[in-house]
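Please look over the notes below on the ligand site. They are meant to be read beside the model.

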Amino acid sequence: MTGKWTLEELVAGRTVEATFWPNPLEGSEFKFRATHLDGRRAPKVILSNDERIVAGVPCIVKVTTVHKPDRDDRGRIEVEFVTRAPFRIEGVYLDPNVSKKLQVLLQSGLNILLDGPQGCGKTVLARAIADSLGMEFVFFNCGAVVEASDFFVSIQVRASASGAPVTDFIRTDILNALEDAAEHPDKCFLVFLDELNRCQESARNALMPALDSTRRVFHPIENTFIPIPDNVQFIAAVNRGREFSGTFGIDAAQLDRFAPLQMDYPPPKAEIEILARRHPKISGANLDIIVAVADAIRHAADLTGTLSVRATEEACIYLEHELFAEDGKRALPEIMKTSFCGRFPGRWDDVTTDAGAVWSLIRATLGAHKVPLPEA
Ligand SMILES: Nc1ncnc2c1ncn2[C@@H]1O[C@H](COP(=O)(O)OP(=O)(O)O)[C@@H](O)[C@H]1O
Ligand SMILES: [Mg+2]
């Protein structure tokens, strides 16, 4: 539904969804203000003093009173909080079971570990959580972390005016967020530790007190331990495809500090929807074929590595470009040769390698979809 609500529709007792922000009107007796209900503009401002409302976080509210219903230019709609709005993340596919667990974990404040193959949506999900819950998003890639202090400062050496070397400590976004969180208890921070399995084991160990009930870290500039405020939520991600099993770098004690959530690639129907939204020029038939080929590769045994949603997206980017669009689906084999085979070791024309095995799978799946194939 679009357009504006009428006052007749907004009777007392009706429940609607709204997102509130601090009321900008100075001296007002109401702390929170919203302008839309269920995404439609309301005929009067919506005000509330309900302490359970969190600014920026969608919630379900109940209309209690409408003041001055007969005046167009004045009055207000007063509401009270009913519950938090159902968890929904625009544009990101999330398995319904994972979604439910995620909601519980986020409400409990536990550290979360997103565990899934590369390109299955861990980073987009973390970012979307922050957006939809009104949290500040702090992205930190752990791949370059060698020492524990790297989480909090990066050390840079430069020449001073006299030419002597000076060491600068540059705060990382994590340290800035911890300090900011302590100063602003009303703000919430989501610290996303990407590729946690790729940092040095010893550095990861030093991060552990931050993640368990002691919740404190060593501040390498001030030389003292600082507490981690409650308004900081950690979410870490690890890439664990088939190829990582067995060599997975995080030990049991470290893993135990997180509530793990297993993720996987979206099912074909969901992946087609994701790609269709982003690449509306590509026909449904071609999207079906691209995703069917990717699905076949993901389910093939004996391949090292797998194929991410980045790869199907890349195929779409080629296909919609004018240099390829004219050929229609005849362009698919050539596109997949680079975007799909190119992500595996070996060469597409060497059947003894993974890339060659992928090329055979591509040919078989394209053949089944009646796509004209180049000579083998
Ligand atoms: N479940 C998903 N929903 C929406 N987009 C996805 C999903 N999985 C992957 N993508 C898309 O694929 C690309 C890679 O996703 P990303 O979140 O960076 O993967 P990861 O962090 O798991 O390696 C992004 O463009 C992302 O939008
Ligand atoms: Mg990622």
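1. The backbone of Gly121 places a polar atom 3.1 Å from an oxygen atom of ligand 1, a polar contact in the sense of an N or O pair within 3.5 Å. A backbone N or O atom of Cys120 lies 3.0 Å from a nitrogen atom of ligand 1. In the side chain of Lys122, an N or O atom is 2.8 Å from a ligand oxygen.

2. The protein buries 89% of the 550 Å² that ligand 1 exposes when taken alone (Shrake-Rupley areas, 1.4 Å probe).

3. The model is predicted: local features need pLDDT of at least 70, side-chain atom pairs need 80 or more, and totals for chains, interfaces and linings use all residues. Side-chain values use heavy atoms, without hydrogens or water, residues are numbered from 1 along each chain as written, and chains are lettered from A and ligands numbered from 1 in written order.

4. Around ligand 1 there are 17 residues (a heavy atom within 4 Å). Gly119, Lys122, Thr123, Arg278 and Arg310 come nearest. By class, the shell has eight nonpolar, five polar and four charged residues, with Gly counted as polar.

5. Helices H2 (122-133), H6 (268-278) and H8 (309-320) each supply at least two shell residues (DSSP H or I runs of at least four residues). Domain 2 (96-262) and domain 3 (268-368) each give at least three; the bounds come from an automatic or database assignment.

Technical notes:
A polar contact is a pair of N or O atoms within 3.5 Å; within protein, one must be able to donate a hydrogen and the other to accept it, and residues adjacent in sequence count only if both atoms are side-chain atoms.
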